[in-house]
Amino acid sequence: MRRLRNRLAGALLSVLALSLTATGCGGSSEAAPGGGGSTSSPAGASVANRVEPLAPGPEPRLPVTVPSADGERVTVQAAERIVPLSGSLSEIVFTLGLGDRVVARDVTATFEQAAKLPVVTRGHDVSAESVLSLRPDLVLAETTSGPEEAVDQIRAAGVPVLFVEAAGGLDDVGPRIRAVAGALGVPAAGEELTRRSEQRIEAVRKGVPHGEKPRVAFLYLRGSASVYLIGGKDSGAGSLIEAAGAVDAGAASGLAKDFTAITSEALVKAAPDAILVMSKGLESVGGVDGLVKIPGVAQTPAGMDRRIVSVEDGVLLNYGPRTDQVLKSVVAQLYGEDGAE
């Protein structure tokens, strides 16, 4: 999802871009950065627009040689000028307490501490010239980052490029944090942040109401491009939906692909009790009023009840240090503040 997923997202925005092509839906694959909260979001359900760094910040112990997700081994000699090529990776670096070393950002890094950094992507493609102009000593990339030619150009200039596996679910939180921390020479901080993140996620999960599980469909919407997709087994949202005590309606209805063009038949078969969307996507179709006008939505239990769960684009599928807040937001909107469906 992320030339989106983190491509979303980051899932979640590059994988989504690829999905748009695969499904044959016309229009732009543009993914807007995260912003405002859900139309139906209860108080306290939105995700903070700041990360919470470890304190005190660790001091990198370099050089290190670490495995890269593309099969290479990368030697990192210094980490004074870091360029993360996704919002999720930026979030990890900042939360490790090393944000003062980050010199650029991807368009999906929309949290407050990174917002003023120069952007080194065009749409969701890496600009090698922009990256190299900032004289980085380390570039962190997702396995979905590209184009390949731009990454090759950065490496040819002698800059180490470490690839991290793209996020696909809650189980990826710890491994991604550890991979980044190891490359930055702060493995102990990586373990600390992993423990903190996983403990906070587990604390939210323990508060999820028990009982009949609601069916939740994840929809990717870009009204300006007439792009309307329903997530399936590989959308990246499944583990988040399940952690919220719900059933992924798209996957349960037999949608095996990451995304499929929305049809009335697909929505009726999915029969969602609630619909999960990104906030910018919801805005792009005119809010809840516009969403229920999409063919088939009004005929679902979710559409009839106007039961919509909306989370900011820049964090929904990041699966990182703020995932506990994302999960908390989903649970609060899905069940209401009193915990009742």
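I will go from the whole chain to one strand, then to one helix, and finally to a pocket.

What you see is a predicted model, in which local features need pLDDT of at least 70 and side-chain atom pairs count only at pLDDT 80 or more, while totals for chains, interfaces and linings use all residues. Residues are numbered from 1 along each chain as its sequence is written, and side-chain values use heavy atoms, with hydrogens and water left out.

The protein chain has 13 helices and 14 strands, where helices (H or I, at least four residues) and strands (E, at least two) are DSSP runs numbered from the N terminus. Of its 341 residues, 57% are buried, and here buried means under 20% relative accessible area, exposed means over 50%, and partly exposed lies in between, with a 1.4 Å probe and protein chains only.

Let us turn to strand 13, residues 274–278, where five of five residues are buried. Ala274, Leu276 and Met278 point one way from this strand, whereas Ile275 and Val277 point the other way. Which strands pair with strand 13? Strand 9, residues 215–222, pairs with strand 13 in the parallel sense over three bridges, and strand 14, residues 308–311, also runs parallel to strand 13 and is joined to it by four bridges; two strands pair if DSSP finds at least two bridges between them. Phe218 stands opposite Leu276 of strand 13, and Ile275 has Ile308 in strand 14 as its bridge partner.

Next comes helix 4, residues 148–156, whose buried residues are Ala150, Val151 and Ile154. Seen down the helix axis, these buried residues fall within an arc of 100 degrees, so they line one face of helix 4; the arc is that of the directions from the axis to the C-beta atoms. The face turned away from that buried side carries the exposed residues Glu148, Glu149 and Ala156.

A pocket, on a 1 Å grid over the protein atoms alone, is an open set of points with protein on both sides within 12 Å along at least five of seven lines, and lining residues have an atom within 4 Å of a point. Among the 14 lining residues, the closest to the pocket's centre are Phe163, Val164, Glu165, Pro175 and Ala179. Helix 5 gives the most to this lining, with four residues.

Methods: 1 Å grid on protein atoms, 1.4 Å probe; cavity = no way out; pocket = protein on both sides within 12 Å on 5 of 7 lines; lining within 4 Å.
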